[in-house]
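The sequence and the structure are shown first, and the description follows.

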Amino acid sequence: MRAVAVVLAAGLACAGWAAPLASATIAPPEQPDADGVVFTDNPSIIDPHPMAVESWSRVGGDRAIAAHFTSGTPACNGVQATTRETADAVIVSLIGGSLPASAGRMCIMLAVTGTLVVPLQSPLGDRQVLSAS
């Protein structure tokens with residue numbers, strides 16, 4: 001019986017089920033002048049889930065970017081962004097969720113292209129923008 005458990009555990013480890021995978025990053029395209037419904041960074045969202053940055057654009061004086069994503073309407077949905085900056089890249093993590101005020105309320109199921117301005121600690125310069133998922 002112990003041999004079966006060891007073989008099963010080894011098989012799961014080889015299949016990748018035994019250890020969580022590291023989060024992947026993708027390089028979304030830069031899309032200047034992209035339109036979208038403006039969202040405000042909201043750390044109080046509930047039922048959080050990861051979201052992908054689908055594209056991005058430069059904002060103002062190189063100290064922020066606009067992240068573009070798909071979400072529900074801002075009347076019921078919110079988004080929060082965190083960044084990790086290195087010398088070569090800016091990695092943006094988006095978390096989407098429901099607004100606390102929308103809990104237990106009927107919300108329309110309508111997808112919108114959202115835009116969130118994400119401030120940077122250092123100028124973007126020629127660093128790559130990546131989306132963590």
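## A glycine in strand S7

Gly-96 lies in strand S7, which covers residues 89-98; strands here are DSSP runs of E with at least two residues, helices are runs of H or I with at least four residues, and both are numbered from the N terminus. The model is a predicted one, in which local features need pLDDT of at least 70, side-chain atom pairs count only at pLDDT 80 or more, and totals for chains, interfaces and linings use all residues. Residues are numbered from 1 along each chain as its sequence is written, and side-chain values use heavy atoms, with hydrogens and water left out.

Gly-96 has a relative accessibility of 0% and counts as buried. Buried means under 20% relative accessible area, exposed means over 50%, and partly exposed lies in between, with a 1.4 Å probe and protein chains only. Leaving aside neighbours within four places in sequence, Gly-96 is in contact (heavy atoms within 4.5 Å) with Ile-45, Asp-47, Pro-48, His-49, Met-51, Gly-78 and Val-79. One of these residues, His-49, is 47 residues away from Gly-96 in sequence, yet the two C-alpha atoms are 5.4 Å apart in space.

## The chain as a whole

The chain has 133 residues, and 32% of them are buried. Among contacts with a separation of 6 or more, 78% are between residues 24 or more positions apart. The chain exposes about 8,200 Å², of which carbon and sulfur atoms supply 62%; accessible areas come from the Shrake-Rupley method with a 1.4 Å probe, and for residues only the protein chains shown count as cover.

## The nonpolar core

In soluble globular proteins, nonpolar side chains tend to be buried together. The largest nonpolar core of this model has 18 residues, and those that touch the most other members are Ile-65, Phe-69, Val-79, Val-92, Leu-94, Leu-116 and Leu-124. Such a core is a set of buried Ala, Val, Leu, Ile, Met, Phe, Trp, Tyr and Cys residues joined through side-chain atoms within 4.5 Å. Strands S5, S6, S7 and S8 are the elements that give two or more residues to this core.

Apart from neighbours within four places in sequence, Phe-69 is in contact with Phe-39, Met-51, Ala-52, Glu-54, Val-79, Leu-94, Val-112, Thr-113, Gly-114, Thr-115 and Leu-116.

## Salt bridges

The structure holds three salt bridges, each defined by a side-chain nitrogen of Lys or Arg within 4 Å of a carboxyl oxygen of Asp or Glu. In one of them, Arg-58 pairs with Glu-30, and the closest N and O atoms are 3.2 Å apart. Arg-58 lies in strand S4 (residues 55-59) and Glu-30 in the loop between strand S1 (25-26) and S2, so the pair ties together parts that are 28 residues apart in sequence. Arg-58 also meets Asp-62 in a salt bridge, at 3.3 Å from N to O. Partly exposed positions are found for Arg-58 at 42% relative accessible area, for Glu-30 at 37% and for Asp-62 at 23%.

Arg-127 forms a salt bridge with Glu-85, with the closest N and O atoms 3.0 Å apart. Because Arg-127 lies in the loop between strand S8 (112-119) and strand S9 (128-132) and Glu-85 in strand S6 (residues 77-85), this pair ties together parts that are 42 residues apart in sequence. Arg-127 counts as buried, at 9% relative accessibility.

## The disulfide

A disulfide is a covalent bond between the sulfur atoms of two cysteines. The structure holds one disulfide, identified by cysteine sulfur atoms within 2.5 Å. Cys-76 and Cys-107 form this bond, and their sulfur atoms are 2.0 Å apart. The torsion about the S-S bond is about -90°, so the disulfide is left-handed.

The bond links distant parts of the chain, 31 residues apart: Cys-76 is in the loop between strand S5 (64-71) and S6, and Cys-107 is in the loop between S7 and S8. Cys-76 is buried at 6% relative accessibility, whereas Cys-107 is partly exposed at 29%.
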